[in-house]
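This report looks at pockets, helix packing and sheet arrangement in the entry shown below. Please keep the sequence and the coordinates at hand while reading.

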Amino acid sequence: MINYRKPIAFFKKDLVSEISYQVAFFLRIFDIFFSVATFYFLAKLLGTAASPYLQPYGGDYFSFLLIGIAFSNFLSTGLESFAGNIRIEQLMGTLEAMLVTPTKLSVIVLSSSLWNFLFTSFSVLIHFLIGVILFGLDVSNANIGAALLLLVLTIIVFSSIGIISASFIMIFKRGAPLNWVVNQTARFLGGVLYPIEVLPPWLRKLSHFHPITYTLKAVRHAVLQGYSLYMLIPEIVSLVFFSVILLPLSILAFKYGVKKAKIQGSLTQY
Amino acid sequence: MVTCEERSFYWRLTGRQNLQFYGALYNLKTSEIRNRIRQLSHLLELEDILEQRFDSYSTGTKQKMAIARALIHDPEIIFMDEPTRSLDPLIAAEVRSFIKKELVEQQGKTIVLATHQLQEAEQLCDRIAVMNRGQFIAVGSLEELHTAFEKTRVCVLKTKQPIGQLTPLLYHVMGSKEIFIRQITPTFIEIEFPNEAIIQGKLTDLIMNTGVEVEECKILEPSLEKIFVHLAENRMGQLYDKL
């Protein structure tokens, strides 16, 4: 039977900690407003110049950009939260105190990231609310169910990469080259800021090796044009394929990382 | 486990919130955590500060919190890593008294205490394991260690003028197998010798008859610190086998 008390305890602890930094907490919310406003006026500047490339996504750059930036937050959270939270607990000295309790390291790693994912979900929701209420974002055709399924698959894929990265840091203590590569290539090749159709053909081929490409394409179709699950099958199958490869790999990498760190006696060192 | 590492708490949470979090990690239910916090805060006199943030606590209070956290799930065995380090003498004495009287004598808990303060080990421990360079070099009760150590005694000799030729004379007469001399200053030496009355008598006679003006000459009662130093210097390594 799953013990829900521990993840809830982690969430409560992180929520209280975050709120204790009151100014920073509200600034993060205000930051979203200024980001969305910036996207809106940037899109207004471009006008219809990019329309040929945006036609597959409804033709509006503001909508295209908002979804790209909002959902790429999940990419960052998935990649960085696991390794980042372990490192924070190591620096704070609290990891050792947690490991003394009858709590598996996997529970600690996953539960530590719960707040990050929930806050990211909250911030994405705020992005959309501001977009809809203040800047006329049209999501009346949105297929929420499909969007949520895509979100779950995206979290699985990027969390797997994040856990592999965390395993790396557990052994070597510094550096997350995998995260850097995935993050940078996402922005460049994944369709976050511009459609991949803008890229030359040889770069466009590389885009298809990045899971964010499928996420953003499918989410845009689902939210802006109301595509059904059937119509999104190619992207869903691609994301499932990435999940099937990366999830078991991440579990193996994590087990190896923990075993190695325990042998070295370096689990709580940073 | 109790450590003196105050960083192992969340400083922006209150004492209560910290204990609630760790209580959950020990698989305790909410009601159990609530009851245990009430009991422990009363026992450790933390009631007045539990709603304050951890970063506002004094060092002594932080250490009490570490003890409260270790006790939240009512374990039978507790590991304590230097629980009185960085505490002022008054608070350190309170903590030691709490460990001895409340945890061990009242509650019957087993404490495994790691400490560099040998007086603390002498005061608190029923059995002592001496480690040097990661190895156990002696294990036993304090009585057993004293008995083993008392196979040699130490004579402290302070003179009014530099000891000079006294040291080689002592070695010449007594023999280097029977005594070991540690020179602390030119007028202060320690002489370790087998705990035999004849040898002690011979030694004191020799010192008195050398003509050196003696300021102080006394046979020391062995302390755990002396036992440790001598064990670590491998003077008594063979005693480990005999304990």
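How many nonpolar, polar and charged residues are there in the lining of the largest pocket? The model is a predicted one, and in it this lining has 20 nonpolar, 3 polar and 6 charged residues.

**Pockets**

The volume of the largest pocket is about 780 Å³, and 29 residues line this pocket, with Leu113(B), Ala114(B), Thr115(B), Cys125(B) and Ala129(B) lying nearest its centre. Several elements of chain B each supply at least two residues of that lining, namely the strands β2 (77-81), β3 (110-114) and β4 (127-132) together with the helices α4 (89-106), α5 (118-124) and α9 (224-232).

The second largest pocket holds about 500 Å³ of space. Of the 20 residues that line the second largest pocket, Phe82(A), Leu110(A), Ser159(A), Ile163(A) and Leu247(A) are the closest to its centre. Here the helices α6 (105-112), α7 (114-135), α8 (144-172) and α12 (233-264) of chain A each supply at least two lining residues, and the largest share, 6 residues, comes from α12(A).

The two linings are set out by class in the table.

| Pocket | Nonpolar | Polar | Charged |
|---|---|---|---|
| Second largest pocket | 13 residues | 6 residues | 1 residue |

**Helix packing in chain A**

Two packed helices are described by the angle between their axes and the distance between the axes. In chain A, helix α4 (residues 61-92) and helix α9 (residues 177-189) pack at an angle of about 175 degrees, and their axes are 10 Å apart. Because angles over 145 degrees count as roughly antiparallel, α4(A) is roughly antiparallel to α9(A). On the α4(A) side the contact involves Leu75(A), Ser76(A), Leu79(A) and Glu80(A), which meet Asn179(A), Val182(A), Asn183(A) and Ala186(A) in α9(A). By class, this contact of α4(A) with α9(A) has 4 nonpolar, 3 polar and 1 charged residues.

**The sheet in chain B**

Chain B has an open sheet of 4 strands in the order β7-β8-β6-β9, with antiparallel pairing. The strands β7 (180-185) and β9 (214-219) of chain B stand at the edges and have a single partner strand each, so one side of each is left without a neighbour in the sheet. On average, and with direction ignored, neighbouring strands of this sheet are turned by 15 degrees against each other.

Strand β6 (residues 152-159) of chain B is joined to β9(B) by 5 bridges, and the two run antiparallel; Val156(B) stands opposite Lys218(B) in β9(B). Helix α7 (residues 166-174) of chain B lies across β6, β7 and β8 (188-194) of that chain, and runs at about 170 degrees to β7(B).

Definitions and conventions:
Residues are numbered from 1 along each chain as its sequence is written. Chains are lettered from A and ligands numbered from 1 in the order in which they are written. This is a predicted model: local features need pLDDT of at least 70, side-chain atom pairs count only at pLDDT 80 or more; totals for chains, interfaces and linings use all residues. Side-chain values use heavy atoms; hydrogens and water are left out. On a 1 Å grid over the protein atoms alone, a cavity is a set of points where a 1.4 Å probe fits but cannot get out, and a pocket is an open set with protein on both sides within 12 Å along at least five of seven lines; lining residues have an atom within 4 Å of a point. Grid points are joined across faces, edges and corners, and a volume is the space filled by probe spheres set on the points. Ala, Val, Leu, Ile, Met, Phe, Trp, Tyr, Cys and Pro count as nonpolar, Asp, Glu, Lys and Arg as charged, and the others, Gly among them, as polar. Axes are lines fitted to C-alpha atoms, for helices over the stretch in contact, and angles run from 0 to 180 degrees between N-to-C directions. Angles under 35 degrees count as roughly parallel, over 145 as roughly antiparallel, 65 to 115 as roughly perpendicular and the rest as oblique. Contact means heavy atoms within 4.5 Å. Two strands pair if DSSP finds at least two bridges between them.
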